[in-house]
Amino acid sequence: MPIVVNLDVMLAKRKMRLKTLSERVELTEQNLSMIKTGKAKGMRFETLAKICDVLECQPGDLLEYVPESEDE
């Protein structure tokens, strides 16, 4: 998938655990884990805004577009 989620990077930069983020954005750890690993098919803008608020970052810090190579 050409969209890469860098939630784990931001958590490390903020020295925050997934459990703490889960409590602050009021989502289950399981749902955040799916987002973190890229297994989620989508995310509400409201959820993205909450994560950005808690981590004090921009959506571009969490999401990255990486084009698929033509060889695949």
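Ground rules, then. The model is predicted, so local features need pLDDT of at least 70, side-chain atom pairs count only at pLDDT 80 or more, and totals for chains, interfaces and linings use all residues. Residues are numbered from 1 along each chain as its sequence is written, and side-chain values use heavy atoms, with hydrogens and water left out.

Start with the core. What does the largest nonpolar core hold? It has 17 residues, and those with the most contacts inside it are L7, L11, L21, L32, I51, L55 and L62. A nonpolar core here is a set of buried Ala, Val, Leu, Ile, Met, Phe, Trp, Tyr and Cys residues joined through side-chain atoms within 4.5 Å. Four helices each supply at least two residues of this core: α1 (7-13), α2 (18-25), α3 (29-37) and α4 (45-55). Helix α4 gives the most, with five residues. Helices are DSSP runs of H or I, at least four residues; strands are runs of E, at least two; both are numbered from the N terminus. In general, nonpolar side chains in soluble globular proteins tend to be buried together.

Take L11. Leaving aside neighbours within four places in sequence, L11 contacts M16, R17, L18, L21, K36 and L55. Contact means heavy atoms within 4.5 Å.

Now helix α4. L48 lies in it. Is L48 buried or exposed? Buried, because its relative accessibility is 9%. The cut-offs are under 20% relative accessible area for buried, over 50% for exposed, and partly exposed in between, with a 1.4 Å probe and protein chains only. Beyond four places in sequence, L48 touches M43, P59, L62 and L63. L48 and L27 are 21 residues apart in sequence and 11 Å apart in space, C-alpha to C-alpha.

T47 counts as buried, at 15% relative accessibility. Past its neighbours within four places in sequence, T47 contacts L27 and I35.

Next, charges. How many salt bridges does a search of the whole structure find? One. The side chains of E46 and K50 meet in it, at 4.0 Å, N to O. The criterion is a side-chain nitrogen of Lys or Arg within 4 Å of a carboxyl oxygen of Asp or Glu. E46 and K50 are separated by about one helical turn, because they are four residues apart in helix α4. E46 is exposed, at 52%. K50 is partly exposed, at 33%.

On to the strands and loops. N6 lies in the loop between β1 (3-5) and α1. N6 is buried, at 17%. Not counting residues up to four places away, N6 touches D61, L62 and E64. L63 sits in strand β2 (residues 63-65). L63 is partly exposed, at 30%. G42 is in the loop between α3 and α4. G42 is exposed, at 55%.

Last, the record. UniProt, in an unreviewed entry, places "domain: HTH cro/C1-type" at residues 13-62. UniProt positions use the numbering here, feature names are shortened, and annotations may be inferred rather than shown by experiment. Over residues 13-62 the chain is 66% helix and 0% strand, and the end C-alpha atoms are 12 Å apart.
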